[in-house]
Amino acid sequence: MRFLFFIMLLLSACSPNSDIRETRFIMGTLVEFTIAGSNREIADQALIEATSEMQRIEDAFTIYGNAVNAVKAFNATSPGTPVELPEEVATILSISLDVEKNSKHAFDPFLGKLNLLWGFSNDILPTHPPLAATVNDARPPSQCIRLKDDSKWIRTDARCVLDFGAIAKGYAIDRGIAMLRKHGIQNAIINAGGDIRIIGSHNGKPWHIGLRHPRNKGEVLGTLSLVGDISIVTSGDYERYFDYEGKRYHHILDPQTGFPATTSQSATVITQQATLADAWSTALFVQGESGLSMMSKLGYAAMTVDQQGRIHMNKAMESIFIPAK
Ligand code: AMP
Ligand code: MG
């Protein structure tokens with residue numbers, strides 16, 4: 001018996017070709033890790049560190065739950081007070097402000113008050129929309145933040161409440177991949193509920209990624225066969241939503257109206273860093289087809305599915321997308 005056990009151990013230690021798959025619940029999502037070409041011992045150590053780093057990021061950025069963090073503290077300061085933010089938070093804020101500017105305000109990191117009002121991140125989904133007047137009162141002004149002396153941030157108005165819900169998951173994926181790499185893992189996927197970063201290959205072959213059909217659960221619009229260091233992030237109106245009087249209300253808000261954006265069913269952005277792909281997939285969801293030119297300008301592959309279910313892609317996406325038959 002002991003001999004058999006020894007052989008089994010030896011087999012698992014010597015078979016780098018079988019994938020190691022693990023799932024963890026982080027950031028309100030099942031996060032799947034797939035590691036290829038590695039052994040169990042190394043993968044286990046790497047997974048412990050990747051998981052705890054991703055959890056640390058959730059705790060550092062979330063405005064929900066009991067975690068104490070700098071984002072919540074900033075949101076609690078009186079408008080006009082200069083605040084020094086931790087370097088990591090300041091970096092993600094700067095990226096968010098860049099995306100806000102380049103997306104013509106389709107992306108807005110200051111929708112926290114509105115998001116709390118809508119309640120899409122609550123454990124139990126709401127059943128009806130808030131009153132239009134309350135939505136209007138919770139909408140932030142267009143200029144929410146000022147930088148003082150290059151290091152201190154000032155919120156300008158009580159309606160300016162930071163919420164990194166559209167970018168923090170991507171950042172956590174990037175950090176998770178960094179932790180896997182630190183342990184020498186070169187071939188892996190982290191898939192956090194459809195937000196994906198791949199590195200390397202699947203035993204010398206491409207990784208195959210399916211892009212989910214926004215309406216037909218279990219079906220894909222098509223697939224991508226990719227090798228290298230690439231993130232594929234999708235924002236969809238099917239992730240968190242409720243129906244009320246025949247209309248779908250979902251968690252991606254149009255900053256212009258304070259109501260769920262009405263342009264798309266889903267939007268996918270492909271670029272190296274998941275942080276950027278995450279922020280931009282939310283922005284592109286709000287912008288719809290008109291946002292594709294900016295994606296091309298930035299060198300990203302991108303696709304949107306509009307309200308009628310029609311697919312729009314830029315050239316970079318056309319060159320890699322394999323439609324489902
Ligand atoms: P995602 O699923 O990455 O598209 O992000 C959606 C989450 O980001 C929501 O649950 C909100 O917390 C937040 N959010 C909603 N609308 C926007 C928006 N227009 N810009 C930035 N963040 C948003
Ligand atoms: Mg996003």
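This report walks through a predicted model, from its disulfide and metal site to its strands and salt bridges.

## Ground rules

Because the model is predicted, local features need pLDDT of at least 70 and side-chain atom pairs count only at pLDDT 80 or more, while totals for chains, interfaces and linings use all residues. Residues are numbered from 1 along each chain as its sequence is written, chains are lettered from A and ligands numbered from 1 in the order in which they are written, and side-chain values use heavy atoms, with hydrogens and water left out.

Helices (H or I, at least four residues) and strands (E, at least two) are DSSP runs, numbered from the N terminus. For accessibility, buried means under 20% relative accessible area, exposed over 50%, and partly exposed in between, using a 1.4 Å probe and protein chains only.

## The disulfide

Let's start with the cysteines. The structure holds 1 disulfide, a term for a pair of cysteine sulfur atoms within 2.5 Å. Cys 144 and Cys 160 make this link, with their sulfur atoms 2.2 Å apart. The pair connects distant parts of the chain, 16 residues apart: Cys 144 sits in the loop between α6 (132-138) and β4 (145-148), and Cys 160 in the loop between β5 (152-155) and α7 (168-182). The link is left-handed, with -85° about the S-S bond, and both Cys 144 and Cys 160 are buried.

## The magnesium site

Next comes the metal. The magnesium ion (ligand 2) is coordinated at 2.0 to 2.5 Å by Ala 166 (O), Asp 278 (O), Asp 278 (OD) and Thr 282 (OG1). Donors here are N, O and S atoms within 2.8 Å of the metal (3.2 Å for Na, K and Ca); water is not among the atoms, so sites may look incomplete. Along the chain, the donors follow the spacing A-x111-D-x3-T.

Ala 166 lies in the loop between β5 and α7 and Asp 278 in helix α8 (residues 274-287), so the pair ties together parts that are 112 residues apart in sequence. Ala 166 counts as buried at 18% relative accessibility, and Asp 278 counts as buried at 5%.

## Around Asp 19

Asp 19 is found in the loop between α1 (2-14) and β1 (20-26) and is partly exposed, with a relative accessible area of 24%. Leaving out residues up to four places away in sequence, Asp 19 touches Thr 34, Ile 35, Ala 36, His 202 and Asn 203, where contact means heavy atoms within 4.5 Å. The C-alpha atoms of Asp 19 and Ile 35 are separated by 5.6 Å, although these residues are 16 residues apart along the chain.

The side chain of Asp 19 also has polar contacts, at 2.7 Å with the side chain of His 202 and at 3.4 Å with that of Arg 21. A polar contact is a pair of N or O atoms within 3.5 Å; within protein, one must be able to donate a hydrogen and the other to accept it, and residues adjacent in sequence count only if both atoms are side-chain atoms.

Strand β6 (residues 188-192) is mostly covered, with 5 of its 5 residues buried. Ala 188, Ile 190 and Ala 192 are buried on one side, and Ile 189 and Asn 191 on the other.

Two strands pair if DSSP finds at least two bridges between them. Strand β2 (residues 29-35) runs antiparallel to β6 and is joined to it by 5 bridges, with Asn 191 as the bridge partner of Glu 32. The hairpin of β6 and β7 has 2 residues between the strands, and Gly 193 in the turn has a positive phi of about 60°.

## Salt bridges

The structure holds 16 salt bridges, each a side-chain nitrogen of Lys or Arg within 4 Å of a carboxyl oxygen of Asp or Glu. Among them, Glu 22 pairs with Arg 40, the closest N and O atoms being 2.4 Å apart. Glu 22 lies in strand β1 and Arg 40 in helix α2 (residues 40-61), so the pair ties together parts that are 18 residues apart in sequence.

Arg 175 and Glu 53 meet in another salt bridge (2.7 Å, N to O), linking helix α7 with helix α2 across 122 residues. Arg 175 is partly exposed at 26%, whereas Glu 53 counts as buried at 10%.
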